[in-house]
Amino acid sequence: MRSDKEVLFFDFKRQYDFIKKHVDEAIHRVLSSGWFILGKEVESFEQRFSEYCSCSFGIGVGSGTEALQVSLLACGVVQGDEVITVANAGVPTVAAITLTGATPVFVDIDSKSYNVDASQIERKITKNTKVVIPVHLYGQCADMDPIMTIAKKYNLKVIEDACQSHGALYKGRKSGSIGDIGCFSFYPTKNLGAYGDGGMVVTNNIELATKLRLLRNYGQTQRYKHEIKGLNSRLDEIQAAILNVKLKYLDNWNSRRIEIAEIYNKQIKNEIIIKPGIVEYGTHVYHLYIIACKYRDKLQEYLNKSGIQTLIHYPTPVYLQKAYKELGFNNSCQITEDYSNMILSIPLYPEMNEDEINYICEVLNNFQI
């Protein structure tokens, strides 16, 4: 019988209620201004978020996927090039690669962090390799130092997919600030989320920044003067205004995420449940709290009956998706495939209360086969 308790996977209303006055004022300010695209709110947020990331330049775009796409284009990626990445991060990263005409090349993951296994990257490099995209999945950075060493050796660009790692640290450095370019998503569920789609590219390279600004707005140097071929990928004023309000709370929200994760780590004692691995070189900001279990489907059904919403991030490696079968990827990533059948995301967001957190721990500890 289903429990009368319910724990949502994410509750947008709680956060909005907390910042409602400031958000409503920001939206009203934009509507009253009559300026909705590439105005003062976007300029302000680009500056503030790039500074937050310890980067010199920020370029607001339409989504995290488009942040990756324009970054690849800015790095000169064209049809026939290869881009090294992972297959366990869902479709968006790969979609961005294929939209440029390039071919994704997949590297398996490290079983502790679920991020790219840097030791396997070099063997995947060919004469066609142009870029490496490490994905900082679930809120924890990939091991960037060896990746940067390999990239320098082979003259490759590194684009950090930081779409799930706002505020995460790698050896004291902010995610997105280590490679040539960092890409962020502001999808509503992110640690820093808008109330619609939005994205940002950050970089310390002025030439890349200049090209990125052209690419996101039809390649225009001024209206109707097109220097290069570009696309329409612009962060709008309303979303930027909302993000300007929310940015000042990001570190506190991340701290609360870490606090909740520490409770989970301490109180979940069921030996058939594997808790997230923590690497020594970084600070995990827990965009998602991922458990693993050989009996994942039974566990998910059990949690659902107990009123606890869960999701799977992500159930199918990209190269096994119907849409990407033409890639003809024959060399399977075994760890990626194994964990896609085991992982389960349980609720974790800053506005959760202690009763909900403790209830989840209790239910998980009572799970039996």
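No disulfides are present in the structure, which is a predicted model. A disulfide would require the two sulfur atoms to lie within 2.5 Å. Cys 53 is buried, at 2% relative accessibility. For Cys 163, the closest cysteine sulfur belongs to Cys 183, and the distance of 6.4 Å is again too far for a bond. Cys 163 is also buried, with a relative accessible area of 9%.

Ser 175 sits in the loop connecting β7 and β8. Its relative accessible area is 1%, so Ser 175 counts as buried. A polar atom of the Ser 175 side chain lies 2.7 Å from the backbone oxygen of Ser 165.

Ser 185 belongs to strand β8, residues 181–185. Ser 185 has a relative accessible area of 8% and is therefore buried. The Ser 185 side chain reaches the backbone nitrogen of Tyr 187 at 3.1 Å.

Strand β7 takes part in an open, antiparallel sheet of three strands, ordered β7-β6-β12. The edges are β7 (173–174) and β12 (282–283); each has a single partner strand, so one side of each lacks a neighbour in the sheet. Strand β6, residues 169–170, is joined to β7 by two bridges and runs antiparallel to it. Tyr 170 has Arg 173 of β7 as its bridge partner.

Parallel pairing occurs elsewhere. Three bridges connect β2 with β4 (residues 129–132), and these strands run parallel. Here Ile 84 has Val 132 in β4 as its bridge partner. β4 also pairs with β5 in the parallel sense, over two bridges. Val 131 is bridged to Lys 157 in β5. From β4 the chain passes through α5 to β5, giving a right-handed β-α-β crossover.

Helix α4 spans residues 92–99, and its buried residues are Thr 93, Val 94, Ala 95, Ala 96 and Ile 97. The cover over these residues includes α3 (64–74), β2 (82–85), β3 (103–106) and β5 (157–161). Just after α4, Gly 101 adopts a positive phi of about 90 degrees.

Helix α7 (residues 237–247) is largely enclosed by the rest of the structure, because ten of its eleven residues are buried. The buried residues are Glu 237, Gln 239, Ala 240, Ala 241, Ile 242, Leu 243, Asn 244, Val 245, Lys 246 and Leu 247. They pack against α1 (12–33), α2 (40–52) and α8. At the N-terminal end, Asp 236 caps α7, with a side-chain oxygen 2.9 Å from the backbone nitrogen of Ile 238.

In soluble globular proteins, nonpolar side chains tend to be buried together. The largest nonpolar core in this model has 63 residues. Those touching the most other members are Ile 121, Ile 147, Tyr 264, Tyr 289, Leu 299, Ile 346 and Leu 364. Two or more residues come from each of α5 (144–154), α8 (250–267), β13 (289–292), α9 (296–305), β14 (343–346) and α11 (354–365). The greatest contribution is that of α11, with six residues.

Neighbours within four places in sequence aside, Ile 346 contacts Phe 9, Tyr 264, Ile 268, Tyr 289, Ile 291, Leu 303, Thr 310, Ile 360 and Leu 364. A second core is separate and has 24 residues, including Val 70, Val 77, Val 83 and Ile 133.

Definitions and conventions: Residues numbered from 1 in each chain as written. Predicted model: local features only at pLDDT ≥ 70, side-chain atom pairs only at ≥ 80, totals over all residues. Heavy atoms only, no water. Pairing = 2+ DSSP bridges. Helix = DSSP H or I, 4+ residues; strand = E, 2+ residues; numbered from the N terminus. Buried < 20%, exposed > 50% of the residue type's maximum accessible area, 1.4 Å probe, protein only. Core = buried A, V, L, I, M, F, W, Y, C linked by side-chain atoms within 4.5 Å. Contact = heavy atoms within 4.5 Å. Polar contact = N/O pair within 3.5 Å; in protein donor to acceptor, adjacent residues only side chain to side chain. Right-handed = clockwise from strand over helix to strand, strands pointing away.
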